[in-house]
Amino acid sequence: MAVPNQIEKAISQQVLAEQEIPEGDQSEVKIGVVNPEAVVVETEDGGVEVNFEKQEEATQSENLAEMMDEDDLAELALDLVANFEDDKSSRQEWEDTYSDGLELLGIRNEIRTQPFDGASGVNHPILSEAVVRFVSQSIMEIFPASGPVKTKVVGDYTEEKGQQAKRVENYMNHLLTDAMPEYRTETEQLLFHLALTGSAFRKVYFDPQTQKPASVFVPAEDFVVSYSTSDLVSSPRYTHVMQKTDNFVKKMQLNGFYRNVDLSEPTTGDIGDVKTRYDELTGVTEVSETDLRTILEMHVELELTGFEDRDQAGEETGIALPYVVTIDKDSNTILSIRSNYKDDALRTPTEFFVHYKFQPGLGYYGFGLIHLIGSIAKSSTSILRQLIDAGTLANLPAGFKARGLRIKGDDTPIAPGEFRDLDLPSGAIRDNIMPLPFKEPSQTLANLLGVLVQEGRRFASIADLQIGEGNQEAPVGTTLALIERSMKVMS
């Protein structure tokens with residue numbers, strides 16, 4: 001915007017005429033230019049050109065993939081997907097252990113033909129009982145009647161601080177119970193998986209689709225971390241594996257969150273052994289045609305060309321910065337790259353995930369009930385099946401009969417009170433029929449089963465409380481507390 005000298009001189013004279021400057025006021029008037037590059041003197045007559053347009057610069061909310069070369073993006077996608085596959089392979093043994101342990105839940109009745117057709121396929125419910133008790137007791141502590149959030153004033157208490165804490169408490173309870181009704185359901189799912197696997201994750205972020213905060217449960221099988229990871233804060237790389245519909249990706253492209261690029265047709269891909277076992281237990285059959293895409297949200301440290309980290313003097317530091325890179329795994333296409341660090345000297349990454357551990361383990365993932373009492377549950381199931389099969393064979397005995405012996409309708413079991421005709425070749429009936437010597441269920445096995453179950457319950461802290469066997473002189477409050485604890489599952 002050019003301002004001629006005549007207009008500039010007239011405006012300044014009018015301003016001076018309207019203002020009254022006190023005598024003796026020798027204070028200096030300092031004018032600071034916020035953006036010096038926006039003011040450029042270019043006119044020949046001394047006028048000033050002021051540029052009010054915003055300068056283009058990369059911010060944390062911008063998709064850096066829009067500013068990068070396609071070849072660089074393709075090469076980066078190949079490297080990141082290869083790193084993801086390596087991280088996933090490094091935890092394969094953990095995944096196999098969890099997948100095999102799901103059978104111990106006994107959700108699906110197994111039809112067995114060995115050692116005979118119709119053999120027992122029942123599973124001992126010790127593992128399911130431990131999981132249900134943990135979830136029921138935990139959810140009641142997390143979601144009491146007054147709400148899940150409680151506030152506490154740290155430091156000197158004042159009435160103003162107390163009122164502010166109460167407002168925060170009321171708002172958070174409203175947010176988690178009314179505005180986010182899915183929060184309790186997600187928490188219950190998190191607790192169930194936490195008890196089984198030993199690790200569960202929660203992702204907290206602002207959802208651009210619903211325009212409200214979101215707290216989503218992320219199962220451990222969908223959260224892949226680097227082999228060298230000890231905790232999320234210092235982790236160089238971790239990946240959230242998401243299954244999103246093709247329509248969801250198109251919406252994110254339309255609102256500018258993802259790059260508007262053409263993607264190949266979605267494929268079913270490898271859903272993993274754990275989810276395959278989920279489908280088997282729940283009776284769900286995978287369809288061949290689906291529009292689900294496998295989206296990798298990788299939180300990784302990178303040194304991108306053109307977006308290098310610089311110090312105050314403008315020199316490159318050579319430090320890799322935290323980014324969130326979203327990749328369509330089916331087509332190896334990067335959809336977005338966004339910086340994910342705070343504006344401080346350490347470039348501290350912003351954390352969106354919370355890791356919960358049932359019991360700290362030897363590695364990054366925790367130990368769950370599958371690891372802790374899985375062997376006891378497996379042994380208890382084996383003994384229980386043996387006892388049931390022994391009772392079945394003892395109640396319906398089989399054996400041998402003479403070749404010449406003919407029994408009318410011998411293909412069907414004899415009903416109570418029924419007498420059948422038989423053609424006896426010679427001798428007594430007992431001389432022509434010999435039942436196999438099946439024994440009654442072993443009392444030793446039954447005692448061993450009781451010992452295993454007792455040890456498993458004691459280890460998992462799910463022993464039944466015998467209120468009547470306690471101290472008769474115990475206070476009423478103690479007895480009521482024991483009764484309340486024992487009835488949490490039933491309630």
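Biologist: Which residue does phenylalanine 201 stand opposite in β10?

Modeller: The model is a predicted one. In it, β3 and β10 pair in the antiparallel sense over five bridges. Within β10, the residue opposite phenylalanine 201 is histidine 355.

Biologist: In what order do the three strands of that open sheet lie?

Modeller: The pairing in this sheet is antiparallel. Its edge strands, β4 and β10 (353-357), each pair on one side only. Neighbouring strands are turned by 20 degrees against each other on average, direction ignored. The order is β4-β3-β10.

Biologist: Which residue of β4 is the bridge partner of tyrosine 205?

Modeller: Strand β3 (residues 199-207) runs antiparallel to β4, and eight bridges join the two. One of the pairs sets phenylalanine 206 against proline 213 in β4. For tyrosine 205, the bridge partner is alanine 214.

Biologist: Which residue in the turn of the β3 and β4 hairpin has a positive phi?

Modeller: Most residues other than glycine have a negative phi. The hairpin has four residues between its strands, and the positive phi in its turn, about 60 degrees, belongs to glutamine 211.

Biologist: What is the phi of asparagine 332?

Modeller: Asparagine 332 is placed in the loop between β8 and β9. With a relative accessible area of 27%, asparagine 332 is partly exposed. Its phi is positive although the residue is not glycine, with a value near 55 degrees.

Biologist: Which strands are the edge strands of the five-stranded open sheet?

Modeller: The strands of this sheet follow the order β5-β6-β7-β8-β9, with antiparallel pairing. On average, neighbouring strands are turned by 20 degrees against each other, direction ignored. An edge strand pairs on one side only, and the two that do so are β5 (223-225) and β9 (333-339).

Biologist: Which residue of β7 is the bridge partner of tyrosine 238?

Modeller: Nine bridges pair strand β6 (residues 237-245) with strand β7 (residues 292-302) in the antiparallel sense. Among the bridged residues is tyrosine 238, and its partner in β7 is histidine 299.

Biologist: At about what angle does helix α2 run to β7?

Modeller: Two helices lying across strands of this sheet may be taken together. Helix α7 (residues 246-254) lies across β6, β7 and β9, at about 110 degrees to β6. Helix α2 (residues 70-90) lies across β5, β6, β7, β8 (321-328) and β9, and its angle to β7 is about 95 degrees.

Biologist: How far apart are the end C-alpha atoms of helix α5?

Modeller: Helix α5 (residues 159-179) has 21 residues, and at 1.5 Å a residue these should span 30 Å.

Biologist: Within what arc do the buried residues of α5 fall, seen down its axis?

Modeller: The buried residues of α5 are Gly162, Ala165, Glu169, Asn173, Leu175 and Leu176. They line one face of the helix, because the arc within which they fall is 155 degrees.

Biologist: Which exposed residues does the face of α5 turned away from its buried side carry?

Modeller: The cover over the buried residues of α5 includes α6 (182-197) and β4 (212-219). The face turned away from the buried side carries the exposed residues Glu159, Glu160, Arg167 and Asp178.

Biologist: Is threonine 187 buried or exposed?

Modeller: Threonine 187 has its place in helix α6. Leaving aside residues up to four places away in sequence, threonine 187 touches Ile139, Ile142, Phe143 and Arg202. Its relative accessible area is 2%, and a value under 20% counts as buried. Threonine 187 is therefore buried.

Biologist: Which residues of α4 and α9 make the contact between these helices?

Modeller: Helix α4 (residues 126-142) and helix α9 (residues 369-395) pack with their axes 9 Å apart, at an angle of about 150 degrees. That angle makes α4 roughly antiparallel to α9. On the α4 side the contact is made by Ile126, Leu127, Ala130 and Val131, and on the α9 side by Leu369, Ile370, Ile373, Ile376 and Ala377.

Key:
Residues are numbered from 1 along each chain as its sequence is written. This is a predicted model: local features need pLDDT of at least 70, side-chain atom pairs count only at pLDDT 80 or more; totals for chains, interfaces and linings use all residues. Side-chain values use heavy atoms; hydrogens and water are left out. The expected span of a helix is 1.5 Å times one less than its number of residues. Buried means under 20% relative accessible area, exposed over 50%, partly exposed in between (1.4 Å probe, protein chains only). The arc is that of the directions from the helix axis to the C-beta atoms. Contact means heavy atoms within 4.5 Å. Two strands pair if DSSP finds at least two bridges between them. Axes are lines fitted to C-alpha atoms, for helices over the stretch in contact, and angles run from 0 to 180 degrees between N-to-C directions. Angles under 35 degrees count as roughly parallel, over 145 as roughly antiparallel, 65 to 115 as roughly perpendicular and the rest as oblique.
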